[in-house]
Amino acid sequence: MITREDCVRLDAADPLAALRDAFVLPPGVYLDGNSLGARPKAAAARAAAVVEREWGQDLIASWNTAGWWELPVRLGDRLAPLIGGGPGSTVVTDTTSANLFKALAAALALQASADPRRTVVVSERDNFPTDLYISHGLTELLGRGHELRLVDSPEELAAALDDTTAVVTLSHVNYRTGALWDLAAVTAQVHAAGALVVWDLAHSAGALPIGLTAADADFAVGCTYKYLNGGPGSPAFLWVNPRHVESSRQPLTGWWGHARPFAMEDVYEPAPGVARFLGGTQPVVSLALVECGLDVALRADLEEVRAKSLALGDLFLDLVEERCGGELTLVTPREHERRGSHLTFAHPEAYAVVQALIARGVVGDFREPDCLRLGLTPLYLRHVDVYDAVEILADVLATRAWDDDRYKVRSAVT
Ligand SMILES: *Cc1c(COP(=O)(O)O)cnc(C)c1O
């Protein structure tokens, strides 16, 4: 039997333990940092400084004096090491959905000029819905034989690649199952077929080391409000392999991506470098807070983050096996190489189980059709938190505390 004292000992030896103090955490155990990361303590003062001084007193001067104008590129440079990107390869801007649209369109345009027969976008049927909607919407908008093909497995992916494939777009970690693609191997496989790859790192950025440059990937996008703790709706990132930047054109040709925005010219000319992926005026308050999350993330060694994420996951799974009487079915692959940083279990009453857990201070979430999803965030979660969460989970299952009408009413956000 694993004891709470065992977990206390593991926490005492945790090289990342001190980082927890950089966050404001609710009482109980927060297991939803893969959906909305916790607030860095520094964010409140940063928000106050932006609102009171930069906006309140300095107003328009802040575009220059507070560095508002440079924020998307400067934050991109700070974020880049977390995804294995170099300087000048990344911007923080817009939403993941919008960035995926731009990156996919740019990748399709590169292919259209290299080989016009390549018009097929391949993705995974179980990809996050926005990725599928954006991919489908873009292929419809382009017409010209463009289409989206969906595959259900790595074997089907291999079979789907042919000389009509333009781009493969996948989420590195599946939002529902927590399954992890081998980014380097898939990138090599896609390139061998003559296609380009656009990775969505929403559920991996900040949770594990990612080697975009080492893998020679083409484009990547992802969120800053999940494992990067940028705040609700904080702007997303977009990475472009430097070998594509100068030949890339993206369709949202707004003035922020112009070569000379303040020359106010009447014809668009893309900015040199990754700044051409910017569109219009940025949400400065929200963007500024991204830095507080990055400040903490950059204090951690990503190999240690990954090791702790896997250790927390193994602990969770061992405790569930010991205490939850086979009521939960593990959906996430158990092998380390095949899982991200959240665990998903199937249970026929998953929605009610999640609500009963939340009522007891253990916050996870529900995903259709029957999934209980629990995020493990190494920067602020302790081994004892995992222990306490499984104790409560085991109790909720054993006592059927979930079997109560008030836990079965669905809210708009699950
Ligand atoms: C969370 C998530 C998104 C969110 O996209 P937004 O445009 O920020 O709403 C996109 N893709 C994946 C894979 C996600 O997990």
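The buried residues of helix 14 pack against helix 1 (4-12), strand 2 (29-30), helix 12 (302-323), helix 13 (350-359), strand 13 (362-363) and strand 15 (371-375), where contact means heavy atoms within 4.5 Å, buried means under 20% relative accessible area with a 1.4 Å probe and protein chains only, and helices (H or I, at least four residues) and strands (E, at least two) are DSSP runs numbered from the N terminus. This is a predicted model, in which local features need pLDDT of at least 70 and side-chain atom pairs count only at pLDDT 80 or more, while totals for chains, interfaces and linings use all residues. Residues are numbered from 1 along each chain as its sequence is written, and side-chain values use heavy atoms, with hydrogens and water left out.

Twelve of the 16 residues of helix 14 are buried, among them His-383, Asp-385, Tyr-387 and Leu-397. Just after helix 14, Arg-400 has a positive phi of about 55 degrees.

The nonpolar cores, sets of buried Ala, Val, Leu, Ile, Met, Phe, Trp, Tyr and Cys residues joined through side-chain atoms within 4.5 Å, are listed below.

| Core | Size | Residues included |
|---|---|---|
| Largest | 52 residues | Ile-83, Leu-157, Trp-199, Leu-201 and Leu-212, which touch the most other members |
| Second, separate | 39 residues | Leu-328, Phe-345, Ala-356 and Phe-366, among others |

In the largest core, helix 11 (residues 284-297) supplies the largest share, seven residues. Domain 1 (4-38 + 301-407) and domain 2 (67-298) both give residues to this core, so it lies between them; the domain bounds come from an automatic or database domain assignment.

Terms used
Buried means under 20% relative accessible area, exposed over 50%, partly exposed in between (1.4 Å probe, protein chains only).
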